[in-house]
Amino acid sequence: MNARLLALLIILVVDMCSALGIVYIRHQSRHLAVALGALEAEHDNAMAEWSRLQLEQAWLADAGQVESQARRRLQMTQPPEMHILVVRP
Amino acid sequence: MSAARNSHVRASRLYALLLIFFLVSLALVARAVKLQVAQTEFLQGQGEARFLREVDIPTTRGMISDRNGEPLAVSTPVESVWVNPGEVLQVPEKLGLLAKVLETDADELERKLTQRSAREFVWLRRRLHPDMASQIEALKIQGVYLQKEYRRFYPAGEVAAHVVGFTNIDDIGQEGLELAYNDWLIGEAGRKRVIKDRLGRTVEEVELVKQASPGKDLQLTIDRRLQYLAYTELKRTVLKHGARSGSVVLMDLHNGEILAMVNQPSYNPNQPDGSSEGLRNRAVTDVFEPGSVMKPFAVTSMLEAGIVTPGTPVETSPGTLVISGHTIRDHHNYGLLDVTGVLTKSSNVGVTKLALELSPEHMWDTYRRYGFGEATGSGFPGESAGVLRNHQRWRRLEHATIAYGYGISATALQLAQAYAVIASGGVLRQPTLIQGAINPPISMVDPVLARQVADMLETVTGPAGTGKQARVANYRIAGKTGTSRKASASGYASRYVASFAGFAPASNPRLVCVVIVNDPTGEQYYGGDVAAPLFANVVGGALRLMNVPPDDYPALFAQSATDAEGAAR
């Protein structure tokens, strides 16, 4: 009789612990889900920023842009024939 | 008596109780009806707000880049604005503000929304400017929502427009490689089931319904710098000669990779305006009668048949030849030439005389092996196969004209492929626009004969040739000019297609380039005057950018000698 009571008590305690544990874990998981959502949003924003930067870089490095900068602003020209030294391979 | 009164009291109690029960249940039913009928919208909204939901996991379309990883097409998120007309129309006074931000007419906006008031979702404007989006967000009008969408940008603009193509507003490829590789680029949005709280935050991910697969990137063989070079040179030439259109194809002989493919007219893929004139990638979709640029293939056929060697003399005087009542003419009477000279001078009479000694079947077979009459298999949408009629249907006149490039049609890309066969010792490689494509070399022509033809073609840019303007300093250039009259409803009109096809450096070919200028309306219309200088500019720039060592040593020595003299003086 005593042993059965003890077993019942233990099961009761374990049950309570498990119940509390579930509540706690569930709470945790919701917190983590919110955190994950925030991180995903951050990732999305970073990706968006990356694509914008890529575009900006592409626009700045556009051959037409570079050519006009070189010719107009920096006054660069193609060297004449006689200034090119060809090394025979 | 008392028993009777007792029972009476009991009955009235019962009725009273029943009445109370009835009233209570009536109240419940009334409440239920009220909730169900009158407040459905509110309650449903509230319920949905904190319930199990399936949401999309968005993906982006893959990036298209050039051979060096420079972006040619990139998707980036932008905001689109949509409304729930029912909600917005409850606050009509705010419509003015909204219309002002959107730069539209308030009355028109209201009319539009009233017409669609039965719906719950109406796009107002898609792909907003970021400033406009933040203004709309600041207005905080009920029923107006912003939705993140992806917009495709093409930093190379019109320069690579034909190759890359563009997508429509729903991000589906419409033209070019965006269309051809749509499935590869597009990716697939996933779905997941989540529980959201009242504020719309996801509190729990219940399950992943479908894994999202992001769009894959696509790397092209195009070199953006060469593409730009070819495009600006082509545009300049087309403007200078008042031409209707033009194309340039530049190909790497080592692997069949297309380094540049440009056309005029072009369009801005960031804002395609729907006019179809500039949309076609003419280098691949449009066929033309190539004219004299076809002569090397007829000569290959003669060499294969063993009826001539490069030195065999051919009498071309008096510069005309009558075949089936049709006169074939040369520009001048060139007199006695050899086979090399026929190519150097581009003699129609010479090539026709010799070609008529060939069997049509053999000539047809040679042309087929060079890839004519069959799409190259580049995988480009709308690629044309050109026309090469079966030899059994050739009449004698056709047999003659096909030798110098009439009665047959081809695309610029086919010509590039065919010249690549000559340049690379008889080996055909399928031209490709995609990195990592599998295009094993296929032997099509005897390497010795291909070399002979290549050597003959080098004389075209020599002192006696028609293509002197295709020369590039310090490099040996081989190629062939072409000037073909355009066929029209009333026979051949006095409108022309000027072309030049060739490769460089001639001693160890690396690049093949085909230039087509359609309908130059200026005084000059010969391939040697219109197309050859463009070829020289494109190939010269490309050889320099690709660090191909010069091979024209005699010219180099002569030049350094004069330089030294000049310096000494």
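This is a predicted model: local features need pLDDT of at least 70, side-chain atom pairs count only at pLDDT 80 or more; totals for chains, interfaces and linings use all residues.
The crossing of helix 10 of chain B past helix 19 of chain B is right-handed.

Helix 10 of chain B contributes B:R225, B:L226, B:L229, B:A230, B:E233, B:L234 and B:T237 to this contact. These residues meet B:V530, B:L534, B:N537, B:V538, B:G541, B:A542 and B:L545 in helix 19 of chain B. By class, the contact comprises 9 nonpolar, 3 polar and 2 charged residues.

Chain B is divided into domain 1 (55–219) and domain 2 (224–271 + 281–559). Their centres, taken over C-alpha atoms, are separated by 47 Å. The contact takes 21 residues from domain 1 of chain B and 19 residues from domain 2 of chain B. On the domain 1 side, helix 7 (161–164), helix 8 (176–180) and strand 8 (218–219) of chain B each supply at least two residues. The residues of that side divide into 13 nonpolar, 4 polar and 4 charged.

Chain B also touches chain A. This contact takes 24 residues from chain B and 20 residues from chain A. On the chain B side, two or more residues each come from strand 3 (71–83), strand 7 (202–210), helix 10 and helix 20 (553–568). Strand 3 of chain B gives the largest share, 5 residues. By class, the chain B side has 12 nonpolar, 5 polar and 7 charged residues.

Notes
Residues are numbered from 1 along each chain as its sequence is written. Chains are lettered from A and ligands numbered from 1 in the order in which they are written. A crossing is left-handed if the near helix is turned anticlockwise from the far one by less than a right angle, and right-handed if clockwise. Helices (H or I, at least four residues) and strands (E, at least two) are DSSP runs, numbered from the N terminus. Two residues are in contact if their C-beta atoms, placed from the backbone, lie within 7 Å. Ala, Val, Leu, Ile, Met, Phe, Trp, Tyr, Cys and Pro count as nonpolar, Asp, Glu, Lys and Arg as charged, and the others, Gly among them, as polar. Domain bounds come from an automatic or database domain assignment.
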